[in-house]
Amino acid sequence: MIAIIDYGAGNIRSVLNMLKALGLKGRIVDSPAGLEGASRIILPGVGHFDHGMAGLAERGLIDPLSDKVLGEGLPCLGICLGAQLIARGSQEGVRPGLGWVPADVVAFDRARMGAHLKVPHMGWAETWAAPGSILPEGFAPALPEDARFYYVHSFHLSCDDPQTAVLRAHHGYEFAAGVRQGNILGAQFHPEKSHRFGKAFLKAFTEWTPERSPERSPAEAGA
């Protein structure tokens, strides 16, 4: 069962419907008890960073999610705001993030962008695997040369280690469109709104069985 985390930040039904289209069983989870029996976790979301972290805290989900993802090694996919919440924190707010990935969330640097470009970045953008990055096995077919995904965001991840940013896209400059730390993935785009490309990406996630590193946990890597 794939647990889709509902913490009051929206975008839940679209993910559930995409899983149904793939013939997969998903369950919307808004409490620790709902995580029982989950084989993998999707953390979607839209909106403000602090609101998202507050929603997880109010539902008592922060520690149980960390137990599942860091302790048990369940594959986890953060989507849009969910991808930002797995970082240490964000320039958008003051609350700490989950800290699963050694990265921070930063605002688009308008000084590096043309005057004609708008923030938030909204719409379709070409997305590719970063050269030299360790893309999870099985994801390459989901990222053909013409891969395009749908984005809505004003902030993006900035990773301590460039290899953590496994996917890239461009809006004024290249930014981290996807990150990976062990069994954890984050996608700044919305696969559930990205038609055939998003469907292929979600399918790859549901078939991915990451190997856990015995040397270092995601939490230790972010320390």
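User: Okay, my notes say that helices (H or I, at least four residues) and strands (E, at least two) are DSSP runs, numbered from the N terminus. With that in hand, where does Pro120 lie?

Analyst: Pro120 lies in the loop between strand E5 (103–107) and E6. Keep in mind that this is a predicted model.

User: Got it. What kind of peptide bond joins Val119 and Pro120?

Analyst: That one is a cis peptide bond, with omega at about 10 degrees. For background, most peptide bonds are trans.

User: How confident is the model, then? What pLDDT does the protein chain average?

Analyst: The chain averages a pLDDT of 92, and 95% of the residues score at least 70.

User: And where does pLDDT stay under 50?

Analyst: Over residues 213–223. The model has 14 contacts beyond four places in sequence for that stretch, so read it with care, since pLDDT is the predictor's confidence in each residue.

User: Let's go to strand E6. Is Thr127 buried or exposed?

Analyst: Thr127 sits in strand E6, which covers residues 121–129. Its relative accessibility is 2%, so Thr127 counts as buried.

User: What does the side chain of Thr127 make a polar contact with?

Analyst: Its partner is the side chain of Tyr151, at 2.7 Å.

User: Which residues in H5 are buried?

Analyst: In H5, the buried residues are Phe197, Gly198, Phe201, Leu202, Ala204, Phe205 and Thr206.

User: And at what angle do the axes of H1 and H5 cross?

Analyst: At roughly 80 degrees, and the axes come within 10 Å; H1 is residues 12–21. H1 and H5 are therefore roughly perpendicular to each other. On the H1 side, Met18, Leu19 and Ala21 meet His195, Gly198, Lys199, Leu202 and Thr206 in H5.

User: Since His195 came up: what is the phi of His195 near?

Analyst: Phi of His195 is near 50 degrees, a positive value in a residue other than glycine. Most residues other than glycine have a negative phi. His195 belongs to helix H5, and at 58% relative accessibility it counts as exposed.

User: What about the phi of Cys80?

Analyst: Cys80 has a phi near 55 degrees, again a positive value in a residue other than glycine. You will find Cys80 in the loop between strand E4 (76–79) and helix H4 (81–85). Cys80 is buried, with a relative accessible area of 5%.

User: Which glycine takes a positive phi just after H3?

Analyst: Gly73, with a phi of about 75 degrees. As for helix H3 itself, residues 62–71, its buried residues are Leu65, Ser66, Lys68, Val69 and Leu70.

User: Last topic, Leu43. How many residues apart in sequence are Leu43 and Ala83?

Analyst: They are 40 residues apart in sequence, and 7.5 Å apart in space, C-alpha to C-alpha. Leu43 is in strand E3, residues 40–43, and with 1% relative accessibility it counts as buried. Its contacts beyond four places in sequence include Ile5, Tyr7, Leu77, Ala83 and Leu98.

Definitions and conventions
Residues numbered from 1 in each chain as written. Heavy atoms only, no water. pLDDT = per-residue confidence, 0-100. Contact = heavy atoms within 4.5 Å. Buried < 20%, exposed > 50% of the residue type's maximum accessible area, 1.4 Å probe, protein only. Polar contact = N/O pair within 3.5 Å; in protein donor to acceptor, adjacent residues only side chain to side chain. Axes fitted to C-alpha atoms, helices over the stretch in contact; angles between N-to-C directions. Parallel < 35°, antiparallel > 145°, perpendicular 65-115°, else oblique.
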